[in-house]
Amino acid sequence: MSSPLHGIRVLDFGQYVAGPAVALLLADLGAEVIRIDPPGGPRWASPAAAALNAGKKSIVLDLTEPADVTTARRLVAGADVVVENFRPGVMARFGLGPEDTLALNPRVIHLSLPGFAAADPRRDLPAWEGIVLAATGGFTDMGLNRILMGVNPSYTPLPLASAYAAALGALAVGVGLVARQRTGRGDAFEVPLAEAVLEGLAFNSLAVSDLPPRYLSLREHEITRRRAAGEPMDLTYAQLQELLDPFYRSYLCQDGRLFYHCCPAHRTHAIRSLQLLGIWDTVRAEGIPVVDPYLSTDHWPDGADCTLLAYPLSARWAARLSELIAAAFRRHPAREWERRFDAAGIPGAAHRSSLEWLRSEHPRAAGLVATVDDPVHGELTVPGPVVWTEGTPPGRRPAPALDADRAAILADLPPDPPAPPPDPPAAPGGLPLAGIRILDVTNVIAGPMIAATLARFGAEVVKIDPPTPGFDPYHAVVIGMHAQRGKRSVLADLRTPAGCEVLDRLLRTVDVVTFNGSERQLSELGLDPQRLRDIRPGIVLVRVDAYGGPGHGSRSHAAGYDDNVQACTGIMTRFGGGPDTPEEHAHLGTIDALAGFCGAFAVVAALAGRGGHAPVMRTSLAAAGQLLQIPFLFDGAGRDGVPEPAGPDVLGEHAGYRCYPAADGWFFLAGPADVVATVLGLDTAAPQDLLAARFRERPVGAWAESLGPHGVAVHRIEHIAALRSRGRVRESAGPVPLRGSAVFVRHDLHPSGREVDLIAPQAIRPRHAAVRMPSDAPRYGAHTRQVLAELGFTPTEIETMAAGGAIADGWTADHTYLPT
């Protein structure tokens, strides 16, 4: 079976992370990628760059030379995709901007990944990763822990903006290829990194009016209390642990290693973990409330101040469970607990550094990492694919030597001038996924984000959930206000004969099925690939799991959430500052959102290349988590000595790339440290403390004005709340602008009856194709009867199924959207 993008030729002009990562995602699904570097090679000389260039071809072109520009234009004439991540206008100066490439080749898909959009006043600002994160709240909205510790701003070395933009950029290319099948025309897409990271941080900016107190954690209550009392935010790491929920917390094991116990919110995980730890009988005897979390609190039994089945727990029960759980974990080593949790199907993970992850058994066996013979760096371990087709053998081809493929590439150039393309069959425009139907059988964040992301392009989505909810209202309903947008909701028990019939009829009408879970769960629900093909030949199945890869490892079927994967791949160890102080990366859904975007790319890649035997498309939280850490996810000679900025006190990489305080607030600076020192009138070797003292003398705007002409980028460090306040538009006011900067929508007509603020779907901007605002996330079960009637079920059959519990109209008797 050929890969879905086999026969697609991609020109990769990108540098650093975003552009090369897009091209790598395309290459991993079969595209031929020609890497075009300037003389001297990639601007980023790290072994991580070699990982991003795996399996590509290489040619060196000097775009300041007319002859090489001519060669580049001839390459464009024979290409399907052009990828570049420069500031707006840079490629146009070489005659290779979007207008130029589409004029040369009307079928080409041109993807631009600038730091800031062409219409953004900051378009000419050098958009280093840190500058983009400063502009989008990435250094200030770093979670409840950092607020309570009084750490603001907080630096993260993860290339969040580039990783999110890469996944959304690959998705844009796939959407363009799907649209081209209908129109015969190409398109130009802009995916600004600033807008991509805002979509990646969507769950940090989500705000719900009058959210009931039951959904606020102990940390949130403590922040409110301290602010009201005028007390400082000065908790130590150890003090902070006492405010963590016992099911979102690290525990010391017998061997001195920490284990991340993250299994809240699920209908069975918390109880099963307490049983596995040997403390369930004690907890139950002490009377912990086990109340249906979908009951409003005024219907809870007297004395119940929380329920074990929902996040968060009350202070008294959190303290008691933490005490009992801590004692239980000390009985065995962390890796033994990991083995036991995996065998029981309960999420949990031993903390590891990134190097420990790379050198461990599972990622190697699963094909999440592979060892290559790199022409520059020698033997090198690099990440495997982020998205792959089922049956892809593990392994990696190394990055090519610089200019290694020049002769073959030049020999394959199209004639100059190229033959005129045939007339396209249809005018460009319209929703590119109109007519595509998706059956969404997912939960929580990563899985639901796939179809929610595709809904903006016109896909029709039916979301199916069980009549008895598997997750608590916070994770299913509050988080779902973003993750379930653009869908219709059906509640049906797929394990009953009636539910199975509903599924079969739905399958006959859809083009795509999305699922997050294990192979065992897939089969139990009647969604195994062969059965799907028997019902609907050509159907595309996209599956997301926690630790999966192209091969099979010891944890391939283990259950896990975003946080578990952060723990075992090194994100928490780095963010917290070391193995004794791991801390979850502050952005809610850090890996989940990226995995969802990758899953959406998998869908459109399969649609762009489908024909005959449709592949099963795969991605995983672990694979996405590796992309987020790409600067650190390599191993080879000298790797142990590579510095990794870590911990809450870190403000940047070095004096020329860090957060500084000015007279009127913090800013991020990116530029040569010696140039900065010279402009400030200091010795070129001036220490950071001296630079910081000088920066406090003037406001941010003054420093931007004086440093900008010297090629040094300066941007005020923003807060998401301030961005949301400045960029908010009301849903009821009319069409939402989808090409602005940092546009947030106040959904004041939301079916929850509350006002809900969400980021607008603005990161992917096609020149011709249309993008729409997805509908608000519906109440679960709101469309059950409507969809079943469309499938041909009679009113009597529907009533019979409802009476027997095979279907439902909602998760509460009174059809409450969000229990209070």
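A: Let us begin with a definition: helices, of at least four residues, and strands, of at least two, are DSSP runs, numbered from the N terminus. Please also keep in mind that this is a predicted model.

Q: How many helices and strands does the chain come to, then?
A: The chain comes to 34 helices and 29 strands.

Q: What share of the residues count as buried?
A: Of the 820 residues, 63% count as buried. The chain exposes about 28,800 Å², and carbon and sulfur atoms supply 52% of that area.

Q: And the contacts: what share join residues at least 24 apart?
A: That share is 76%, counted among contacts between residues at least 6 apart in sequence.

Q: Can we look at one such case? Which helix holds Phe601?
A: Phe601 lies in helix H27, which covers residues 590-609. Phe601 and Val175 are 426 residues apart in sequence, yet their C-alpha atoms are 8.3 Å apart in space.

Q: Is Phe601 buried or exposed, and why?
A: Phe601 counts as buried because its relative accessibility is 1%, and the cut-off for buried is under 20%. Leaving out residues up to four places away in sequence, Phe601 touches Leu5, Leu25, Leu26, Leu29, Ala167, Ala170, Leu171 and Val387.

Q: What about Pro778, where is that?
A: Pro778 lies in the loop between strand E28 (765-766) and helix H33 (784-790). With a relative accessible area of 13%, Pro778 is buried. The C-alpha atoms of Pro778 and Ser489 are separated by 6.6 Å, although the two residues are 289 apart along the chain. Ser489 is also one of the residues that Pro778 touches, and the others include Gln484, Lys487 and Tyr817.

Q: Changing topic: how many disulfides does the structure hold?
A: The structure holds zero disulfides. Cys253, for instance, is in no disulfide, and the nearest cysteine sulfur, that of Cys263, is 13 Å away.

Q: Is Cys253 buried or exposed?
A: Cys253 is buried, with a relative accessible area of 3%. Cys659 is buried as well, at 0%.

Q: Now the charges. How many positive and negative charges are there?
A: The chain has 75 positive and 89 negative charges, and their mean positions are 2 Å apart.

Q: Where is Glu718, and is it buried or exposed?
A: Glu718 is in the loop between strand E24 (713-716) and helix H32 (720-727). At 12% relative accessibility, Glu718 counts as buried. Apart from its neighbours within four places in sequence, Glu718 is in contact with residues including Ala134, Thr140 and Arg726.

Q: Which peptide bonds are cis?
A: One joins Asn152 and Pro153, with omega about 5 degrees. Another runs from Tyr311 to Pro312, with omega near 0 degrees. Pro153 sits in the loop between helix H6 (144-148) and helix H7 (160-183), and Pro312 in the loop between helix H13 (280-285) and helix H14 (315-329).

Q: Which residues have a positive phi although they are not glycines?
A: Tyr16 is one of them, with a phi of about 60 degrees, and Asp210 has a phi of about 50 degrees. Tyr16 lies in the loop between strand E1 (9-12) and helix H1 (18-28), and is partly exposed, with a relative accessible area of 37%. Asp210 lies in the loop between strand E7 (207-208) and helix H10 (218-229), and is exposed, at 67%.

Methods: Residues numbered from 1 in each chain as written. Predicted model: local features only at pLDDT ≥ 70, side-chain atom pairs only at ≥ 80, totals over all residues. Heavy atoms only, no water. Disulfide = S-S within 2.5 Å. Buried < 20%, exposed > 50% of the residue type's maximum accessible area, 1.4 Å probe, protein only. Contact = heavy atoms within 4.5 Å. Areas by Shrake-Rupley, 256 points an atom, 1.4 Å probe, with all protein chains shown as cover. Lys, Arg positive; Asp, Glu negative; His and termini not counted. Charge placed at Lys NZ, Arg CZ, Asp CG, Glu CD.
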